[in-house]
Every structure is written in C-alpha cells, then in structure tokens.
Amino acid sequence: MSRTLSSLPPTSGAPSPSPSPLASIGSRLRGSTLRALPKSYLILVLLAIVAVGYYVSDDFLTFRNAENVITAASIVVVLAIGQYFVILTGGIDLSVGSILAMSTVLTALTLQAGMPAGASVVFVLACCAAAGLINGILVVWLNIPPFIATLAMMSAVKGFSYIIQSTSLIEIKDQWIIQVFSRGSFLGIRNPVLIFIIVAVIAALVAKYTTFGRSLYAIGGNPEASRLSGLPVARNLIITYTISGVLAGLAGLVAAAQLRQGSSLIGVGYELDAIAAVVVGGASLMGGKGDPLNAVIGVFILTTIINIMNLVGISSEPQLVIKGAVIILAVFLSSAGGVQRISGFFAKHFRRTQPA
C-alpha cells in the first residue's frame with residue numbers, strides 16, 4: 001500500500017493561477033490590433049498626414065482647403081480606379097493621361113462644331129473606349145507586353161490630340177458641360193465628388209461581388225491557370241482595358257469642365273499619378289492583389305501630401321523627391337511585404353512583454 005501511494009505523482013500545493021481579467025482584455029486588444037494592422041494601415045497613414053498638415057499650417061483644416069483637395073483628387077480617383085483594374089490583371093496602362101487629354105480636346109472641338117452637349121459626351125466616351133479597346137487588342141491578340149502597347153498608344157493618342165487641336169487651347173463655354181462635370185452639386189456635394197464616389201462604389205461592388213471582378217484576381221494571380229480552368233481571359237482583359245479608356249475619358253470630361261478648355265497638354269503626368277495612387281493603395285504590380293477603395297485612399301494620401309507642401313511653400317522639384325520617396329515606401333509596404341514584417345515585429349515584441 002505504501003509502495004502504491006509513493007508511486008503516485010506529487011501534486012502541487014495550489015492550483016495554477018488563472019489570468020486576470022485585465023490581462024485577458026489586454027491580450028485580446030493586442031491580438032485584434034495586430035490582425036487589423038495590415039488592413040487599416042492606409043487609414044492610419046492618411047490620419048497621420050492630416051495631423052501633420054494641421055500642425056504645419058493653420059489653413060489646412062479649413063473648408064475651402066478641404067474642398068480644393070477633394071476636387072483636385074476627383075480626376076485622379078477616376079483614373080486610378082481604371083488603372084486599378086488593369087494592374088489587378090498584372091498589366092499597366094500608360095496611355096490614360098493622353099486619353100484624358102484627348103477627351104478634353106474632343107469635347108471642346110465637338111462643342112465648338114455645334115454638337116449637342118449630351119451627344120458630345122457620348123461621342124467622347126466612345127472614342128476613349130475605342131482607344132482602350134485597341135490597347136486590349138494589342139495586349140491580347142498581338143501578345144505585346146502591356147507596358148509597350150500602352151506606351152505606343154500614349155504616344156499615338158498624344159500626337160492625334162495635338163494634330164486635331166491645331167491651336168494652343170480651345171475654350172469651352174457650354175454651361176451644361178460646366179454645370180454637370182464641375183460647378184453643379186447635389187445635396188450640397190459637388191458633382192466631381194459625386195462622380196468619383198459613384199465610380200468608386202461601382203468598382204468596389206464589381207471587384208467583390210461579380211464573376212468578372214473575381215476573375216480579374218485569378219487572372220492577375222496566375223493567367224495560365226485561369227485559362228486552363230475555363231475563364232475567358234482574353235475577353236476579360238480586353239474589357240478591362242476598355243474600362244480604363246472609358247474612365248480616362250470621364251476624367252477628361254471633369255478636367256475639361258473644371259479648366260473650361262481642351263488641350264493636348266492637360267494630361268501630362270496623370271498616368272504616373274494614377275499608377276502611384278494604386279501602388280500606394282496596396283496593389284501589387286505583379287497582379288492579383290488590390291482593392292479599389294484602397295486606391296481611392298492612395299489618391300488622397302498623395303493629394304494631401306502635395307497640398308501640405310504647397311501650403312508650406314515647398315517648390316515643385318523637392319515635391320517630386322518627396323513623392324518618389326512616398327511611392328518607394330508604399331511599394332515596400334504592399335509588394336515587398338512591409339506590413340507583414342512590421343506586424344510580425346510588433347507581434348514578437350508583444351509576446352515578449354506579455355505577462356506569464
């Protein structure tokens with residue numbers, strides 16, 4: 001009997017202490033923060049930039065300045081959403097800035113020729129859709145790399161716009177165009193803002209809830225596997241580039257109404273702003289990753305930074321340097337796994353400091 005009792009394992013004198021309620025709540029908060037960081041870092045970055053703007057300039061958080069920022073961002077948002085769909089497939093569209101300029105020139109010329117404003121809008125969007133369609137055909141049917149195909153289209157459209165313009169600029173006086181795409185408002189919201197909100201909401205719904213949108217993620221992730229699985233890869237790519245052309249034309253209508261002129265020089269650099277916004281928004285240039293609403297946030301991050309630099313009097317050359325640094329940082333956070341690295345660092349740090 002004694003041997004039996006002695007063979008039993010010794011029991012501790014007291015039960016193991018259970019974690020306190022405060023420690024349990026803290027652990028849950030840390031876990032939720034670490035899970036949310038990769039998804040919310042863009043909003044945190046934007047809020048940090050807004051805080052910097054408030055600190056460095058008294059004019060930053062004013063209604064007039066906020067209206068200027070949002071209105072300036074409206075054109076790039078529409079362009080960036082079209083660019084987002086192209087980048088999602090693993091491609092790129094360098095022609096959107098030139099298509100935007102062509103849209104302004106065609107709008108001014110058709111109105112000058114006496115075409116009704118509504119018919120002018122339809123004609124301009126159809127021409128821009130045709131340019132995007134040609135991009136898609138070059139990429140899909142002729143197997144030309146998207147960079148080369150859209151670079152060639154950028155040059156061709158820019159030259160075409162310059163030829164048909166024939167003068168330095170063409171003034172737009174049609175009040176319907178100006179009212180609908182620039183000065184008008186609905187429920188106190190300016191029409192350019194309404195346009196980009198509608199475009200962004202539709203893009204988000206298409207990307208998340210439609211077969212077409214989900215197929216673009218698959219095409220960007222692995223186009224060969226998508227083709228073998230029966231997805232209409234060629235058709236969807238052509239549609240994607242056509243959508244990019246249409247949205248570039250719509251952005252051109254907004255630009256033409258705001259500037260009240262058509263010019264082949266208006267779209268210079270807009271394609272780079274759109275690409276930068278999509279990348280800052282977390283999309284991968286390799287394709288298969290991204291979100292249209294994050295692209296919108298990316299536009300506002302870049303636009304707000306430029307606005308702050310203008311308010312504090314930084315000249316254009318240093319602005320380009322800072323803008324390039326922001327793009328490099330964005331690529332690190334999105335494509336290079338920077339967010340995951342930072343999240344892993346904080347997770348490791350919190351595990352070390354967590355009480356036993």
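**Contacts and a surface patch in a predicted model**

In this predicted model, a salt bridge joins the side chains of Arg 227 and Glu 224, with a nitrogen-to-oxygen distance of 2.8 Å. Both residues belong to helix α10, which spans residues 223–228, and they are three residues apart, or about one turn of the helix. Arg 227 has a relative accessible area of 45% and therefore counts as partly exposed, and Glu 224, with a relative accessible area of 42%, is likewise partly exposed, since that class covers the range between under 20% for buried and over 50% for exposed.

A search of the whole structure finds two salt bridges, and the other one to consider is formed by the side chains of Glu 67 and Arg 190, at 3.2 Å from N to O. Here the pair links distant parts of the chain, for Glu 67 sits in helix α3 (residues 63–88) while Arg 190 sits in strand β3 (residues 189–190), 123 residues apart. Glu 67 is partly exposed, having a relative accessible area of 26%, and Arg 190 is partly exposed as well, with a value of 24%.

From charged contacts we turn to aromatic ones. Two aromatic pairs are found when the whole structure is searched, and one of them is made by Phe 196 and Phe 300, whose ring centres lie 5.9 Å apart and whose planes make an angle of 55°. The geometry of this pair is classed as tilted, because an angle under 30 degrees would count as stacked and one over 60 as edge-to-face. Phe 196 lies in helix α8 (residues 191–209) and Phe 300 in helix α13, so the pair ties together parts of the chain that are 104 residues apart in sequence. Which class of accessibility applies to Phe 196? With a relative accessibility of 6%, Phe 196 counts as buried, and Phe 300, at 16%, counts as buried too, because both values fall under the 20% limit.

Helix α13 covers residues 292–311, and Leu 311 lies in this helix. Leu 311 is also one of the residues of a nonpolar surface patch of about 600 Å², which is made by Val 52, Tyr 55, Val 56, Leu 311, Val 312, Ile 314 and Ile 322. Leu 311 has a relative accessibility of 33% and so counts as partly exposed, a value that also meets the patch requirement of over 30% relative accessible area. Which helix gives the most to the nonpolar patch? That is helix α2, running over residues 21–56, which gives three residues to the patch.

Key. Residues numbered from 1 in each chain as written. Predicted model: local features only at pLDDT ≥ 70, side-chain atom pairs only at ≥ 80, totals over all residues. Heavy atoms only, no water. Patch = residues over 30% accessible without salt bridge, like charges linked within 9 Å, V, L, I, M, F, W, Y side chains within 5 Å. Areas by Shrake-Rupley, 256 points an atom, 1.4 Å probe, with all protein chains shown as cover. Salt bridge = Lys/Arg side-chain N within 4 Å of Asp/Glu carboxyl O. Helix = DSSP H or I, 4+ residues; strand = E, 2+ residues; numbered from the N terminus. Buried < 20%, exposed > 50% of the residue type's maximum accessible area, 1.4 Å probe, protein only. Phe/Tyr/Trp six-rings, centres within 6.5 Å; stacked < 30°, edge-to-face > 60°.
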